[in-house]
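Visitor: I would like to learn how to read a two-chain model with some care. Could you take me through its features, giving the general idea before each case?

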Amino acid sequence: MVNHTLNVGRISEGFVLDHIQAGKSMEIYKYLHLDKLDCCVAIIKNAKSSKMGKKDILKIECPIDIINLDILGFIDHNITVNIIQDEEVVEKKRLTLPKKIKNVIRCKNPRCITSIEQGLDQIFVLTDEKNETYRCKYCEEKYS
Amino acid sequence: MRHLMSPLDFSVEELDKLLNLAQDIEANPAKYTHACDGKKLATLFYEPSTRTRLSHEAAMLNLGGSVMGFSSADSSSAAKGESVSDTIRTVSCYADICAMRHPKEGAPMVACQHSSIPVINAGDGGHQHPTQTLTDLLTILNVKGRMNNMTIGLCGDLKFGRTVHSLIHALVRYEGIRFLLISPEELRLPDYIRNDVLKKNNIPYEEVVRLEDAMPKLDILYMTRVQKERFFNEEDYVRMKDFYILDKQKMKLAPKDMYVLHPLPRVNEISVEVDDDPRAAYFKQVQYGVYVRMALILTLLDIHVD
């Protein structure tokens, strides 16, 4: 009998990012710079979810201190972050909006100094938590 | 070390102190003629300006200091591709304080991150123009004798007009301020100022298109020029540039104690026939601009005159 179940093995240390909006996993892969890490990453797209219908999951096997997860709060604060050690979930991290985002998104204002100044960090600041508004530190243009 | 990036860099109390110092300079100019002996101001102007650059330079010269700088990007190392951060590091070795105007928004902020001397934002694109705001505030204080309980009409290019944006930021901190925002649909105040500044601070405001409708309700009318350099499209500029023209007829609709301010230069938006009206305060404003920049230079350099 052929087994049609898709299995991804357990990880001993790292992260399981669950409840990612379906189709967003590659975006998160990019934001977390996972392509630059020499570690095992499993990307599960469109997994069945009783809560969401379908969802994406990312499993990252790596030391837990080498990835900065703050950016996840900006991308989607509904993501569940499970921190794994010794193959067990040791913490479920609650995501909040980061106060500052550095070199993740770019200012789209063509009049902004970030469009011409070499070596300048792209910095966005949370100016309105309720409406999840981020503005460029330099020109104050809203990120949309 | 302090810089001036936005009018909000000063608290209301600090602002009051600065405006009082400017008033003292106006009343006792001789007292300040050597306050900045041996000090140098660098004016780093990456785009054309007459008033703002000369006003900063006049302010420093009046204080006994000296000035250096450039008045267009073409005559600076920017033409060779030098970054703002490198330029300011260099200028920090020559001068004690600098005023920077740049067409790119946030450029003075970049400068102050790398500077070892105080940086004054002398206008960055359509973003902020805090020294104009200080000038406007001193003018309002001098002509009206108060900073609170007023209806301020802002007329013209409210979208790209940085002087308007900075003035709104500064005025909402005073009690009883109301705004009448007078502009064509295409040049309305940006959302980020309407929502984050006016609505957030519960400041009453009304948006109107016709200047005539606003005139009887105003204590101050702040006229602005539709700036050609802010448009990507020549057609849009031509369509907007003569939308408002303040003339004698419209001035008749205004209260006797309503004053007209304008950051200058004007093009057609204020007819020259208004210049003789005692309520035309825009040339006094230019003079107040020098006093307030003198006060600013003294404050940023932490120089006290007894």
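Guide: Let us begin with what a contact is: two residues are in contact if their C-beta atoms, placed from the backbone, lie within 7 Å. Please keep in mind throughout that this is a predicted model.

Visitor: How many residues of chain B are in contact with chain A, and which elements of chain B give two or more residues to that side?

Guide: On chain B there are 14 residues in contact with 14 residues of chain A. The elements of chain B that contribute two or more residues to this side are α3 (84-91), α4 (107-114) and α7 (191-199), and α4(B) gives the most, with 3 residues. Sorted by class, the side of chain B that touches chain A has 5 nonpolar, 6 polar and 3 charged residues.

Visitor: How is chain B divided into domains, and what does the contact between them take from each?

Guide: The assignment for chain B gives domain 1 (7-128 + 289-300) and domain 2 (130-286), and the C-alpha centres of these two domains of chain B lie 24 Å apart. Their contact takes 20 residues from domain 1 of chain B and 19 residues from domain 2 of chain B. On the domain 1 side, α1 (12-27), α2 (51-62), β4 (119-124) and α11 (282-300) of chain B each supply at least two residues, with the largest share, 5 residues, coming from α11(B). By class, that side of domain 1 of chain B has 11 nonpolar, 7 polar and 2 charged residues.

Visitor: Which residues does UniProt list for "binding site", and where do they lie?

Guide: The unreviewed UniProt entry lists B:Lys80, B:Arg162 and B:Arg225 under "binding site". These residues span 146 residues in sequence, and the farthest two C-alpha atoms are 32.0 Å apart, so they do not all gather at one spot. B:Arg162 is found in helix α6 (residues 162-171) of chain B, whereas B:Arg225 lies in the loop between β8 (220-223) and α9 (234-240) of chain B.

Visitor: Are B:Arg162 and B:Arg225 buried or exposed?

Guide: A residue is called buried if 20 or more other C-beta atoms lie within 10 Å of its own. B:Arg162 is buried because it has 24 other C-beta atoms within 10 Å, and B:Arg225 is buried with 20. Leaving aside neighbours within four places in sequence, B:Arg162 is in contact with residues including B:Gly123, B:Gly126 and B:His127, while among the contacts of B:Arg225, counted in that way, are B:Asp157, B:Pro265 and B:Glu269.

Visitor: What should I look for in the backbone geometry?

Guide: Most residues other than glycine have a negative phi, and most peptide bonds are trans. In chain B, the peptide bond from B:Leu264 to B:Pro265 is cis, with omega near 5 degrees, and B:Leu264 has a positive phi of about 60 degrees although it is not a glycine. B:Leu264 is found in the loop between β9 and α11 of chain B, and B:Pro265 is also placed in the loop between β9 (259-261) and α11.

Visitor: Where in chain A is A:Glu140 found, and what is its phi?

Guide: A:Glu140, in the segment after β8 (133-136) of chain A, has a positive phi of about 70 degrees although it is not a glycine. A:Glu140 is buried, with 23 other C-beta atoms within 10 Å, whereas B:Leu264, with 19 C-beta neighbours inside 10 Å, counts as partly exposed.

Key:
Residues numbered from 1 in each chain as written. Chains lettered and ligands numbered in written order. Predicted model: local features only at pLDDT ≥ 70, side-chain atom pairs only at ≥ 80, totals over all residues. Helix = DSSP H or I, 4+ residues; strand = E, 2+ residues; numbered from the N terminus. Nonpolar A, V, L, I, M, F, W, Y, C, P; charged D, E, K, R; others polar. Domains from an automatic or database assignment. Buried ≥ 20, exposed ≤ 12 C-beta atoms within 10 Å, placed from the backbone. UniProt positions renumbered as here; feature names shortened; annotations may be inferred.
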